[in-house]
Amino acid sequence: MGDNREVAVISQRHNLRDYGGLSTSTGARLVSGRLFRSGELDHCLPADEDMLQRLHVGTVIDLRSPVEFPPSPPPFLSGFSGRLLRTEAAQGAIPHLMGRYAGLANAQEMAAGMADTYRTLPFLPRFRDALRLYFEGLAQEHAGSLVHCFAGKDRTGLCVALFHRAMGVHEDDMMADYLLTNEMGEARMQLCIDGMLPRLAFDIPLDHLRVLFSVQPAYLHAALEQIVERHGDVPAYLRDVGIGSDTIKAISLNYLR
């Protein structure tokens, strides 16, 4: 379909951008200026520490696992008085740290491994719980919201894609929003690499890391194809996760105009 919205990028370094503003199958349009997505903001620059206040964010949905949390609250949360939502589901494997990426021969194998990760991601208990928390947070928030993970592209990317589909955003526009991560520049890439290297328990070539922190259409297609194969369609999958019609209706009233 190809929506001609102008994307509001707040910080390329943190993959922080507005994922609203898209038209839907009903003719309504998602509001702008209230739906934000990003990578982690734990290491934001001093000038950006009041980012949440400037964006009028009332709810932050943190999709990360406990092992990814900083040991003390990061500066960007110091003046935040809204809700911070994190899942209490049992610890699950972080996609970026899976041992399956150790010893891969080339970047092509790395990309294939990422597609495999996406095939399993929608069915991991921790992701499902985080997805439900994300949708419920959107249903209850009447100001701005921010959803994020480590790099803001896999867990966040799939959550936002499922939100877009639930709201009736065209598949082409959903995919275009997902792929915007690749346009966020070298500073974003370097921040992800620098943040990941100390966490790795194995050596990995730099070109493999660049694949890890990029996105490809095949990744998102892999997840959605598995959802359709197992559940029939996205609405059925969301219902199985525990996201009912009342939540979808509340979100629609909240974000469609």
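The dialogue below treats the sheet and then a pair of helices.

Modeller: This is a predicted model, in which local features need pLDDT of at least 70 and side-chain atom pairs count only at pLDDT 80 or more, while totals for chains, interfaces and linings use all residues. Residues are numbered from 1 along each chain as its sequence is written, and side-chain values use heavy atoms, with hydrogens and water left out.

Biologist: What is the order of the strands in the open sheet?

Modeller: Strands of a sheet pair through backbone hydrogen bonds, either parallel or antiparallel. Helices (H or I, at least four residues) and strands (E, at least two) are DSSP runs, numbered from the N terminus; two strands pair if DSSP finds at least two bridges between them. Here the 6 strands follow the order E1-E2-E3-E6-E4-E5, with mixed pairing. Strand E1 (9–11) and strand E5 (83–86) are the edge strands, each pairing on one side only.

Biologist: How many bridges join E4 to E5?

Modeller: Strand E4 (residues 57–62) is joined to E5 by 4 bridges, and the two run parallel. Asp-62 stands opposite Arg-86 in E5.

Biologist: At what angle do the axes of H2 and H8 cross?

Modeller: Two packed helices are described by the angle between their axes and the distance between the axes. Axes are lines fitted to C-alpha atoms, for helices over the stretch in contact (heavy atoms within 4.5 Å), and angles run from 0 to 180 degrees between N-to-C directions. Helix H2 (residues 107–120) and helix H8 (residues 217–231) have axes that come within 7 Å and cross at roughly 30°. H2 and H8 are therefore roughly parallel to each other (angles under 35 degrees).

Notes: Angles under 35 degrees count as roughly parallel, over 145 as roughly antiparallel, 65 to 115 as roughly perpendicular and the rest as oblique.
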